[in-house]
Amino acid sequence: MWLVRETRWTVMARAGDTESGKVLRWEFDSEPPALEMVDRLLRADTAGQWREQDRGTPPPGTGAGEARRIT
């Protein structure tokens, strides 16, 4: 018998539009390195291309689950 709880932090970003864009994904074991990746992405040369998503918009490729939107 196993009782398993796996908690991973995933940073997802879409490069391009919703139809032809590529979803980039990084997984981390804890929140601090995940937030560091978010900061790196926001500081990158392409950071001006990121835009805020509507609150009701789920992250790409996810089902029902908990996700925190970074603004």
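Leaving aside its neighbours within four places in sequence, which residues is Val11 in contact with? The list holds Leu24, Arg25, Trp26, Phe28, Ala34, Met37, Val38 and Leu41. Keep in mind as you look around that this is a predicted model. The protein chain has one helix and two strands, and from the N terminus on these elements run β-β-α.

**The strands and their hairpin**

- β1 and β2 run antiparallel and are joined by seven bridges.
- Together β1 and β2 form a hairpin, with six residues between the two strands.
- In the turn of that hairpin, Gly16 has a positive phi of about 105°.
- Val11 has Trp26 as its bridge partner in β2, and Trp26 is also one of the residues on Val11's contact list.
- Met12 has its own bridge partner in β2, namely Arg25.

**The helix**

- Helix α1 covers residues 31-43, 13 residues in total.
- From its first C-alpha to its last, α1 reaches 18 Å, which is close to the 18 Å expected at 1.5 Å a residue.
- Which residues of α1 are buried? They are Ala34, Met37, Val38 and Leu41.
- Seen down the axis of α1, these buried residues fall within an arc of 100°, so they line one face of the helix.
- The face turned away from that buried side carries the exposed residues Pro32, Glu36, Arg40 and Arg43.
- As for what the buried side meets, the buried residues of α1 pack against β1 (9-15) and β2 (22-28).

**The nonpolar core**

- In soluble globular proteins, nonpolar side chains tend to be buried together.
- Here, the largest nonpolar core has six residues: Val11, Phe28, Ala34, Met37, Val38 and Leu41.
- Helix α1 gives the most to this core, with four residues.
- Val11 is itself a member of the core, and its contacts include Phe28, Ala34, Met37, Val38 and Leu41.

- Arg25 is found in strand β2.
- Is Arg25 buried or partly exposed? Its relative accessible area is 42%, so Arg25 is partly exposed.
- Arg25 and Arg14 are eleven residues apart in sequence, and their C-alpha atoms are 8.7 Å apart in space.
- Arg8 has its place in the segment before β1.
- With a relative accessibility of 40%, Arg8 also counts as partly exposed.
- Leaving aside neighbours within four places in sequence, Arg8 is in contact with Glu27, Phe28 and Asp29; of these, Phe28 belongs to the nonpolar core described above.
- Arg8 and Glu31 are 23 residues apart along the chain, with 8.4 Å between their C-alpha atoms.

**The chain as a whole**

- Of the 71 residues in the protein chain, 13% are buried.
- Among the chain's contacts with a separation of 6 or more, 28% are between residues 24 or more positions apart.
- The protein chain exposes about 6,400 Å², and carbon and sulfur atoms supply 48% of that area.

Conventions. Residues numbered from 1 in each chain as written. Predicted model: local features only at pLDDT ≥ 70, side-chain atom pairs only at ≥ 80, totals over all residues. Heavy atoms only, no water. Expected span 1.5 Å × (residues − 1). Buried < 20%, exposed > 50% of the residue type's maximum accessible area, 1.4 Å probe, protein only. Arc of directions from axis to C-beta. Contact = heavy atoms within 4.5 Å. Core = buried A, V, L, I, M, F, W, Y, C linked by side-chain atoms within 4.5 Å. Areas by Shrake-Rupley, 256 points an atom, 1.4 Å probe, with all protein chains shown as cover. Pairing = 2+ DSSP bridges.
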